[in-house]
Amino acid sequence: MIFQSLLPQFEKRELHSLDELAFILFENIRSELAPLKDMLNPKTCDKKFLPFLAYENSVDFWSDDLSEQEKRNLISFSKILKRKKGTLYAVEKVLEQFNINAKIQEWWSYGGDKYHFKIDIESIGIAYSAEDLKVLEQYVIIYKNVRSVLDAINVTASIDTANIYLGTSTSSSEFIELELIA
């Protein structure tokens with residue numbers, strides 16, 4: 001930045017020197033604090049500081065199992081999700097953050113009990129483990145309306161081309177106890 005004094009020209013030279021010195025000191029402080037600006041941005045923050053940034057932004061649910069990009073997205077949308085918590089929009093945004101193509105059906109659209117809903121996930125070439133669905137369920141429970149009840153998460157998997165191997169096995173055993181007669 002270019003130094004430009006706001007002092008009038010008729011002021012003493014010492015005062016102008018002091019003004020210039022203060023400018024230099026503040027510029028040094030500003031340059032030292034510049035990396036802190038990046039630490040508050042989830043997109044530019046160093047990976048090791050993401051949990052602290054999540055805490056600062058009051059992220060409701062945090063898991064170390066999430067990918068780095070999912071963590072950054074969650075922190076970025078935490079303020080929006082907080083404002084919209086308890087709405088269909090918040091649940092849709094959470095699903096969107098995890099790149100999940102899902103359709104939410106409310107009770108009146110599928111004939112369920114009042115205030116119940118279910119989530120239909122269309123999975124093309126992506127396998128979801130039981131842990132993934134458990135984490136997803138926890139997120140949905142956090143951001144859904146309090147009175148609403150999640151009936152089910154239905155996953156429909158489509159596979160483009162794959163070899164499917166199927167195997168079965170059976171096992172049978174019998175326990176016989178022998179008694180010695182002496």
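A: In what follows, Ala, Val, Leu, Ile, Met, Phe, Trp, Tyr, Cys and Pro count as nonpolar, Asp, Glu, Lys and Arg as charged, and the others, Gly among them, as polar. The model is a predicted one, so local features are given only at pLDDT of at least 70 and side-chain atom pairs only at pLDDT 80 or more, while totals for chains, interfaces and linings use all residues. Numbering runs from 1 along each chain as its sequence is written, and side-chain values rest on heavy atoms, with hydrogens and water left out.

A pocket is an open set of points on a 1 Å grid where a 1.4 Å probe fits, with protein on both sides within 12 Å along at least five of seven lines, and a lining residue has an atom within 4 Å of a point. A volume is the space filled by probe spheres set on the points.

The largest pocket has a volume of about 240 Å³. Its lining consists of 13 residues, and Leu66, Glu70, Phe98, Asp132 and Val135 are those nearest the centre. By class, the lining of this largest pocket comprises seven nonpolar, two polar and four charged residues. The greatest contribution to it comes from helix α7 (residues 130–143), which supplies five residues. Helices here are DSSP runs of H or I with at least four residues, and strands are runs of E with at least two, numbered from the N terminus.

The second largest pocket holds about 210 Å³ of space. It is lined by 14 residues, with Leu88, Glu106, Phe117, Asn145 and Ser148 closest to its centre. The lining of the second largest pocket divides into six nonpolar, five polar and three charged residues.

Within helix α5, lysine 93 and glutamate 96 lie three residues apart, about one turn of the helix. Their side chains meet in a salt bridge at 3.1 Å, N to O, the term denoting a side-chain nitrogen of Lys or Arg within 4 Å of a carboxyl oxygen of Asp or Glu. Lysine 93 counts as buried because its relative accessibility is 15%, whereas glutamate 96, at 44%, is partly exposed; buried means under 20% relative accessible area, exposed over 50%, and partly exposed in between. As for β2, the loop between α6 (107–110) and this strand contains tyrosine 115. Although tyrosine 115 is not a glycine, it has a positive phi of about 65°. Its relative accessible area is 38%, so tyrosine 115 is partly exposed.

Arginine 72 is buried, at 9% relative accessibility, while glutamate 68 is partly exposed, at 32%. Elsewhere, Asp60, Lys82 and Lys85 are joined in a network of salt bridges.

Methods:
Buried means under 20% relative accessible area, exposed over 50%, partly exposed in between (1.4 Å probe, protein chains only).
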